[in-house]
Every structure is written in C-alpha cells, then in structure tokens.
Amino acid sequence: MASLNVALPDIARETHASQTQLSWIIDAYSLVFAALLLLAATLGDRFGRRRALLGGLALFAAGSVAAAFSSEPGVLIALRALLGVAAAFVMPATLSTITSTFPREQRTRAVSIWAAVAGASAILGLVTSGAVLEAWSWRSVFWVNVVLAVTAFIGTYVFVPESAEAKKQRVDTVGATLTVVGLGILVYSVIQAPEHGWGSTRTLTGITVGFLVLAGFVVWELRHPYPLLDPRLFRNKPFAAGTLSITLQFFAFFGFIFVVMQYLQLVRGDSALIAALSVLPMPAAMIPSARLSPKLAARVGARRPWIAGLIAVAVGLSVLAELDKTSSYWLIVTGLIPLGAGMGLAMTPATAAITDALPSRLQNVGSAVNDLSRELGGALGIAVLGSALNAGYRNTLDTEGLPAHVAEAARSSLAAANIVGAKTGDTGLVNQARDAFASGLHLALVTGAGAAVLGAASVAILLRRSPDTSDSADALDGIATEG
C-alpha cells in the first residue's frame with residue numbers, strides 16, 4: 001500500500017485517472033484487506049496457515065502480473081482489490097505461524113523481528129518504488145511485487161511447517177458478509193463525497209446505511225457462538241484505547257503518505273526517488289522514539305508517552321498543513337520529525353495495550369484486532385483525507401472561461417491540470433491548480449491532525465483510571481468462555 005503511493009502521479013499521467021480513482025487505486029486494496037482480515041485469519045487457523053500463506057502469495061503474484069499489464073483505472077482498481085484478498089490471507093498467517101511454531105522462550109524475539117520487518121517495510125517500499133521508477137514506468141512497482149511474492153512462496157514451501165487449530169470452529173460467514181458490505185458502503189460513500197457533495201442525499205444515505213450494517217454486525221456477533229470479533233472485548237479499557245489509538249494513528253499516517261507523495265511530485269516537481277528520500281527524516285525520528293517508549297512507560301507509565309506521542313503527531317501534521325508550492329524543504333523536515341517521533345512513542349504502548357489486555361488463549365484475537373485496526377485506519381484515512389484533498393482542490397480551482405472538457409479535465413486531478421496546461425501553454429492554469437492542491441492539502445492534513453488529537457483525548461479518558469491488566473484479562477477470558 002505504501003509503495004504504490006510513489007507511483008500515483010505516473011499512474012495519473014498515463015491512465016488519466018481522476019483524483020477519486022487514484023483514491024480507489026490505493027483504497028481498494030486496503031479496504032478489502034481490512035474487511036476480509038478476520039475471516040481469512042479464521043480460515044487459516046482452521047484449514048492450515050501454511051496453505052493460507054501459499055495460496056495468498058500465489059494469488060498476490062498472479063494479480064500483480066495482471067496489474068502490470070493493465071492500462072485502465074477501473075481494471076487497476078479491481079486488480080488492487082484482488083491483491084487485498086490475497087494479502088488478507090498472507091498477513092495474519094505469518095504472525096500466527098510464528099506464535100504457534102516457536103517455543104515460548106523464543107517467541108518474543110521472533111515476534112519482535114516480525115514487527116520490525118513489517119514496520120520498516122512501509123518506508124523501504126517508498127524508497128524501492130522511487131528507485132525503480134527512476135528507470136521504468138509505474139508498472140515496475142507491480143513487477144517488484146511479483147519478485148517478492150515468488151521469493152516468499154518458495155521460502156514458505158521449503159521452510160514453513162503446516163499448523164492449524166486442533167478445535168475446528170464454525171466459520172462466521174454472516175459476520176464476514178456484514179463486515180465487507182458495511183465497510184464497502186461506508187468507504188465508497190466517503191471517497192465519492194467530493195463528487196456528489198458531502199451534504200447530498202446520496203452521500204448521507206450511503207454513510208448512514210454503512211453504519212447501520214456495521215451496527216447489525218455488532219448485534220450478530222454478540223449472539224454468535226463463534227464470532228469473528230466479540231464486541232464485549234472492548235469492555236476492557238486498555239484494549240479499547242489501544243484499538244482506537246492504532247486506528248486513528250494509521251488514519252493520519254497513511255492519509256498523510258497518500259497526499260504528501262502527490263504534493264512532492266506534482267507541486268514541488270520532485271522525482272519519485274527524491275520524493276521517497278524526502279520523507280526519510282520521519283523514520284529517522286520514529287525508530288529511536290519507538291525504542292525509547294518502553295523505557296519511558298516503565299518509568300512514568302504508558303499513558304503519558306502515549307498521549308505525548310499522539311499530540312506530537314498532531315503538531316507535525318499541523319506544521320505540514322502550511323505547505324504550499326513555494327515552501328522550503330526545511331518546513332517539511334520540521335513537520336516530519338515530530339510526526340515520526342510521535343508515531344514511535346504512541347505505537348508501542350498502543351500495540352502492547354491490545355496484546356497485554358488479553359489472556360494467552362486470546363492472543364490470536366489480539367493480533368487480528370491489531371492488524372484490523374491498522375488496515376481499517378489506513379483505508380479510512382486515505383478515503384477521508386483523499387476526499388478532503390479532492391474537495392479542497394475542486395472548490396478552490398477556478399476554471400471559469402475554459403472550455404467545458406478542459407475545465408472538467410483540470411478539475412479531475414492536479415496531474416490532469418498539469419497535462420492540460422502543458423499542452424495549451426497555459427502556465428496560469430498550472431500555477432492556479434498547484435495553489436488549489438495546496439489548499440486541499442491544508443484541509444486534508446488538518447483533518448489528520450484532528451484525528452490524532454481525538455486519539456490523545458480518547459486515551460486520556462479511557463486510561464484515566466485503568467484497571468489492572470491481569471484482572472481485565474481474566475474478565476475477558478470469562479467472556480470468551482461464556483461465548
């Protein structure tokens with residue numbers, strides 16, 4: 001998901017995708033991934049995690065090959081959704097394979113390596129994509145996917161043992177269907193809102209229906225003997241705080257990556273590689289702060305560094321919201337450092353709160369909820385911040401006096417406006433479009449900062465008088481036993 005953000009400007013130029021279609025090219029993957037994660041994890045636990053890995057990797061490689069040959073935005077969106085299906089089977093199976101095959105004394109070290117690789121991959125994906133885009137087209141990003149998937153398939157086939165849960169539980173297909181339908185309607189309505197209007201009947205109806213379906217999912221899960229996700233787990237305040245925090249952190253983080261990669265390439269005119277390298281101050285601040293966070297938590301408790309991290313994320317995004325077409329790189333660095341440091345400070349206690357709040361027999365549930373929170377937050381962040389960017393851009397861009405087809409093309413995306421301006425020699429349109437994009441960027445990043453502030457307030461309230469973790473874990477174990 002992170003790597004393709006670097007290629008978005010090239011995709012927009014070659015396929016003539018609109019800003020809304022660009023949002024869907026990214027979000028089709030993350031939305032399907034998030035919606036199917038719990039079901040895929042259940043199927044892997046029941047029928048074999050190695051089988052889930054091999055099947056998911058094979059599908060991922062095949063889908064990436066097809067995407068490399070696509071030229072229509074609609075086809076690319078559909079193939080990205082297919083890759084999301086594949087990823088939903090791969091990601092939970094990797095962690096559950098580790099926790100089920102390593103002995104207890106080696107498990108923590110194995111999981112920490114898994115977490116480090118998973119976290120570093122987002123930034124590595126940006127840099128790798130930027131490097132290959134220097135020599136080839138956006139299709140090269142999908143060929144990198146093919147190479148990685150084939151390599152992982154061979155490694156899994158040779159080295160990974162089969163594992164599955166001894167107790168076969170019924171698969172909650174109704175719950176899975178409600179999740180997919182509810183999230184699909186909700187995110188679709190948010191992404192399409194700038195085109196139809198946020199106050200339009202179509203947008204409001206879609207958002208309402210999406211929430212109603214998800215409410216139906218909650219009711220169904222409360223009654224099902226083997227739910228995909230038992231809503232009663234959220235009675236535990238640290239668990240609820242960790243889940244909400246991870247969702248809002250990645251809402252802001254992936255939404256930021258989505259909009260800033262377009263800003264760096266389309267407004268500043270950076271190459272794909274320079275754009276990817278430009279965000280490296282963020283992980284440079286994130287890594288040491290993530291290592292510092294457990295030490296601070298041991299000293300002053302998890303609540304303080306956790307809240308401080310979320311506030312730092314909000315500060316970083318607020319600084320970056322002031323970017324325009326003439327901003328210096330130092331302003332970008334000034335925002336990236338608190339953003340990265342804040343993510344590192346907040347991510348560790350949030351993840352620990354999810355896993356530590358649950359008894360050992362519910363650790364698989366904790367891992368799935370952690371993944372779901374991250375992917376759902378990322379999908380909604382790209383949808384909402386992408387919609388805010390699109391709305392700000394379209395509302396600010398003045399196309400009066402332009403032919404209808406030229407005006408519509410310019411309003412669809414900044415990449416299209418740059419192409420139109422280059423063909424017609426209208427530098428005024430290009431400059432105005434870049435100003436309009438900066439206006440949309442401001443709205444999007446302020447929205448992301450607001451999400452981080454909401455996360456900080458939620459953690460402060462939920463952990464005001466946090467119950468003892470072991471007592472909470474026992475209580476949740478009782479809830480699971482009753483289910």
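**Close-up 1. Packing of helix H3 against helix H6 in the predicted model.** Helix H3 (residues 49-68) and helix H6 (residues 139-159) pack with their axes 8 Å apart and at an angle of about 160°. Since angles over 145 degrees count as roughly antiparallel, H3 is therefore roughly antiparallel to H6. The crossing of these two helices, H3 and H6, is left-handed. On the H3 side the contact is made by Arg 50, Leu 53, Leu 54, Leu 57, Ala 58, Phe 60, Ala 61, Ser 64, Val 65, Ala 67 and Ala 68, which meet Arg 139, Phe 142, Trp 143, Asn 145, Val 146, Ala 149, Val 150, Ala 152, Phe 153, Thr 156 and Tyr 157 of H6. Sorted by class, the residues in this contact of H3 with H6 comprise 17 nonpolar, three polar and two charged.

**Close-up 2. Helix H12 beside helix H9.** The axes of H9 and H12 cross at roughly 20° and come within 12 Å. The two helices, H9 and H12, are therefore roughly parallel to each other, and their crossing is left-handed. From H9, the residues Ala 241, Gly 242, Ser 245, Gln 249, Ala 252 and Phe 256 meet Trp 306, Leu 310, Leu 317 and Leu 320 of H12. The contact of H9 with H12 has no charged residues, being made up of seven nonpolar and three polar ones.

**Close-up 3. Helix H12 against helix H17.** H12 also packs with helix H17 (residues 427-462), at an angle of about 170° and with the axes 8 Å apart, and that angle makes H12 roughly antiparallel to H17. Within H12, the residues Arg 303, Trp 306, Ile 307, Leu 310, Ile 311, Val 313, Ala 314, Leu 317, Ser 318 and Leu 320 meet Leu 441, Leu 445, Gly 448, Ala 449, Ala 452, Val 453, Gly 455, Ala 456, Val 459 and Ala 460 in H17. By class, the contact of H12 with H17 divides into 16 nonpolar residues, three polar and one charged.

**Close-up 4. The surroundings of Val 319.** Val 319 lies in helix H12 (residues 303-320). Leaving aside residues up to four places away in sequence, Val 319 touches Leu 331, Thr 334 and Gly 335.

Close-up 5. The largest share of the lining, six residues, comes from H14. The lining of the second largest pocket has 20 nonpolar and four polar residues, with no charged residues.

Technical notes. Residues are numbered from 1 along each chain as its sequence is written. This is a predicted model: local features need pLDDT of at least 70, side-chain atom pairs count only at pLDDT 80 or more; totals for chains, interfaces and linings use all residues. Side-chain values use heavy atoms; hydrogens and water are left out. Helices (H or I, at least four residues) and strands (E, at least two) are DSSP runs, numbered from the N terminus. Ala, Val, Leu, Ile, Met, Phe, Trp, Tyr, Cys and Pro count as nonpolar, Asp, Glu, Lys and Arg as charged, and the others, Gly among them, as polar. Axes are lines fitted to C-alpha atoms, for helices over the stretch in contact, and angles run from 0 to 180 degrees between N-to-C directions. Angles under 35 degrees count as roughly parallel, over 145 as roughly antiparallel, 65 to 115 as roughly perpendicular and the rest as oblique. A crossing is left-handed if the near helix is turned anticlockwise from the far one by less than a right angle, and right-handed if clockwise. Contact means heavy atoms within 4.5 Å.
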